[in-house]
Amino acid sequence: MSTAPVLVIAGPTASGKTGAALALARAARSRGLPPVEIISVDSALVYRGMDIGTAKPTPAERAEVPHHLIDLIEPTAAYSTAEFVADARRLIGEIRARGAEPVLAGGTMLYLKALFDGLDTLPPADAALRAELDAQAARIGWPAMHAELARIDPTTAARLAPNDAQRIQRALEVWRLSGQPLSAWHTDRFDRARVAEAARPDEFRLLSLEPQDRAWLHARIAQRFEAMLAEGFVPEVERLRARGDLDPGLPSMRCVGYRQAWEALDGLWPASELAERGIAATRQLAKRQLTWLRSMPQREVIAADGPDPVGAVLARGLPLLEARAR
């Protein structure tokens with residue numbers, strides 16, 4: 001079999017990535033091409049028990065087409081970008097070794113950037129230091145921690161919200177461990193370590209489902225969030241809370257939708273506002289995803305709101321599978 005790039009289908013939330021990947025798998029099967037296996041590029045899908053709020057592929061879809069990097073860990077745990085890169089590369093090799101073809105699909109852009117450009121050699125997480133930072137934040141609040149970050153690393157602080165606990169904590173952790181601000185780790189002097197792990201220019205082919213009309217995406221986001229509520233999203237979060245081992249500071253509970261539902265159940269604001277707040281947070285996520293995508297010059301844009309976005313994905317993806325079959 002010939003070498004061909006690995007296909008990646010990305011895009012903002014609710015842009016149709018999962019449907020396009022499944023359509024490609026079905027089209028490959030109908031044409032007798034190598035079977036497709038989907039590798040999830042989604043930091044929320046790794047958590048078990050978080051199904052409705054993550055729009056996880058249904059059991060029927062996962063039975064029809066093999067999916068990977070879904071339901072890996074409990075929501076008490078964490079899954080790093082480095083782990084994703086290692087797992088994705090391992091799976092690509094294993095899938096191709098058994099005569100199938102991997103297709104990556106998802107919208108966690110940090111994962112994609114690390115896969116394409118390599119990982120920064122940042123200091124590893126330090127549990128004791130994180131506990132110390134959490135204790136300090138409990139005393140003075142995350143806005144004050146953000147102010148501290150602004151004094152030592154104004155570049156990083158400028159792009160973080162004052163209540164973005166996870167990222168503020170990590171930036172302060174890097175500073176205290178290395179004596180260097182996080183922004184310094186993204187300068188040219190660290191490029192050599194990063195490039196050593198970067199993908200080859202021809203290793204991946206990135207198809208990006210992007211709406212030409214933002215209002216189209218906003219309507220899709222609202223429709224999907226309302227559908228999740230109708231499917232039992234709030235009871236899902238209630239079950240997670242009832243476990244007794246989760247809290248709103250965990251990465252899993254910081255996921256869009258889950259954070260807003262947890263706050264509503266804590267009574268921080270009326271439950272009647274959940275849809276509005278969840279939709280607004282999802283729209284902000286989509287905006288960030290599009291900003292990430294536009295920084296990737298290799299992407300091939302497909303209009304998610306065009307007349308036939310799935311057909312456009314098939315037109316580009318099927319020739320890759322045919323090349324692999326030759």
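Predicted model: local features only at pLDDT ≥ 70, side-chain atom pairs only at ≥ 80, totals over all residues.
In soluble globular proteins, nonpolar side chains tend to be buried together.

Next comes the sheet. Its 6 strands form an open sheet with parallel pairing, in the order S3-S2-S4-S1-S5-S6. Strands S3 (67–68) and S6 (300–303) sit at the edges with a single partner strand each, so one side of each has no neighbour in the sheet. Further in, S1 and strand S4 (residues 101–105) run parallel and are joined by 3 bridges. Leu 7 has Val 103 as its bridge partner in S4. Helix H3 packs on this sheet and touches S1, strand S2 (36–40), S3, S4 and S5, with its direction at about 150 degrees to that of S4.

Helix H4 has its own set of buried residues, namely Met 109, Tyr 111, Leu 112, Ala 114, Leu 115 and Phe 116. The cover over these residues includes S1, H3, S4, S5 and H13. After H4 comes Gly 118, which has a positive phi near 90 degrees.

The unreviewed UniProt entry carries a "binding site" annotation that covers Gly 11, Pro 12, Thr 13, Ala 14, Ser 15, Gly 16, Lys 17 and Thr 18. Gly 11 is placed in the loop between S1 and helix H1 (17–30), and Gly 16 lies in the loop between S1 and H1 too. Gly 11 counts as buried because its relative accessibility is 0%, whereas Gly 16, at 25%, counts as partly exposed. With residues up to four places away in sequence set aside, Gly 16 touches Leu 209 and Arg 220. For Gly 11, the contacts beyond four places in sequence are Lys 17, Gly 106, Gly 107, Met 109, Leu 209, Gln 289 and Leu 293.

As for charged pairs, the structure holds 26 salt bridges. One of them brings together the side chains of Arg 176 and Glu 148, at 3.1 Å from N to O. This pair ties together distant parts of the chain, with Arg 176 in helix H8 (residues 165–178) and Glu 148 in helix H6 (residues 142–152), 28 residues apart. Arg 176 is partly exposed at 31% relative accessibility, while Glu 148 is buried at 16%.

Another salt bridge joins Arg 167 and Asp 164, whose closest N and O atoms are 3.3 Å apart. Here Arg 167 is partly exposed, with 48% relative accessibility, and Asp 164 is buried at 15%. Within helix H8, Arg 170 and Glu 173 are 3 residues apart, about one turn of the helix. Their side chains meet in a salt bridge of 2.6 Å, N to O, and both residues are buried. Finally, Arg 48, Glu 74, Arg 243 and Asp 245 are linked in a network of salt bridges.

Conventions:
Residues numbered from 1 in each chain as written. Heavy atoms only, no water. Pairing = 2+ DSSP bridges. Helix = DSSP H or I, 4+ residues; strand = E, 2+ residues; numbered from the N terminus. Contact = heavy atoms within 4.5 Å. Axes fitted to C-alpha atoms, helices over the stretch in contact; angles between N-to-C directions. Buried < 20%, exposed > 50% of the residue type's maximum accessible area, 1.4 Å probe, protein only. UniProt positions renumbered as here; feature names shortened; annotations may be inferred. Salt bridge = Lys/Arg side-chain N within 4 Å of Asp/Glu carboxyl O.
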